[in-house]
Amino acid sequence: MKLNIVEYPDKRLRKKSKEVTDFDSSLHKLLDAMHPFMLKTNGIGLAAIQVDYPIRALVLNIPDDDGEQPIENLLEIINPVMTYKNGETTYQEGCLSVPQFYEDIKRYENIVINYQDRYGNTKTLEADGLLSIAIQHEMDHLEGILFIDKLSYARRKKFEKEYKRMQKEKKHTK
Ligand code: QAP
Ligand code: CO
């Protein structure tokens with residue numbers, strides 16, 4: 001299964017992702033392709049909509065203290081719902097769909113989510129630290145929200161200018 005990243009300002013990133021109802025082999029095939037794709041592109045989190053599948057599914061693989069991303073740490077999260085949120089934390093975020101741009105974003109420090117695994121089993125997960133931030137970032141994708149939407153007006157304008165310049169450069173070096 002060949003996946004391609006959808007990059008800002010592509011409108012497909014703005015769709016609201018649909019609830020997953022069939023926990024079948026086509027879902028498993030997509031998840032099986034998303035994980036290696038994410039590692040290859042140096043990602044720690046990827047929502048299905050970022051590879052043009054607008055369904056409520058995401059994968060996360062937070063690096064351990066040695067910077068490794070062992071498969072045991074892979075999390076597949078389907079139909080997540082946040083049931084608890086508390087505190088505040090700031091982290092310099094990036095996104096595979098907004099390449100080469102990183103900015104401080106405020107998130108909840110602790111969250112609890114209910115979600116389903118690839119077989120449709122219901123799970124609960126309590127998260128803090130980078131995992132909590134990553135889950136919130138990826139859950140935003142399911143609503144068509146990008147981290148750059150959370151910037152102040154002035155920072156967003158600066159971003160748009162920088163990003164356009166970068167895309168022009170990319171075109172010329174192709
Ligand atoms: C979301 O982000 C996230 O610009 C996952 O050139 C962000 O995997 C979770 C990436 C911050 C927690 C904290 C970005 C790769 C990867 C780039 C990513 C790039 C190459 C971003
Ligand atoms: Co993202």
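Helices (H or I, at least four residues) and strands (E, at least two) are runs assigned by DSSP and numbered from the N terminus. The model is predicted, so local features need pLDDT of at least 70 and side-chain atom pairs count only at pLDDT 80 or more, while totals for chains, interfaces and linings use all residues. Residues are numbered from 1 along each chain as its sequence is written, and side-chain values use heavy atoms, with hydrogens and water left out.

**Exercise 1.** Find the strand that holds Q116, and list polar contacts of the Q116 side chain.

*Solution.* Begin with the element: Q116 belongs to strand 6, which covers residues 110–116. Next, recall that a polar contact is a pair of N or O atoms within 3.5 Å; within protein, one must be able to donate a hydrogen and the other to accept it, and residues adjacent in sequence count only if both atoms are side-chain atoms. With that rule, the side chain of Q116 is joined to the side chain of N79 by a polar contact of 2.9 Å. Finally, a polar atom of the Q116 side chain lies 3.1 Å from the backbone oxygen of G120.

**Exercise 2.** Identify the protein donors of the cobalt ion (ligand 2) and describe their spacing in sequence.

*Solution.* Donors are N, O and S atoms within 2.8 Å of the metal (3.2 Å for Na, K and Ca), and water is not among the atoms, so sites may look incomplete. The protein donors of the cobalt ion are C95 (SG), H137 (NE2) and H141 (NE2), at 2.1 to 2.2 Å from the ion. Written along the sequence, their spacing is C-x41-H-x3-H.

**Exercise 3.** Describe which residues come nearest to ligand 1, and which polar atoms approach its oxygen atoms.

*Solution.* A residue is near a molecule if one of its heavy atoms lies within 4 Å of it. Around ligand 1 there are 19 residues, of which G43, I44, G94, Q100 and Y102 come nearest. Turning to atoms, a polar backbone atom of I44 is 2.8 Å from an oxygen atom of ligand 1, and a polar backbone atom of Q100 is also 2.8 Å from an oxygen atom of ligand 1. From Y102, a polar side-chain atom lies 3.1 Å from an oxygen atom of the ligand. Among the elements, helix 2 gives the largest share of the shell around ligand 1, namely five residues.

Terms used: Chains are lettered from A and ligands numbered from 1 in the order in which they are written.
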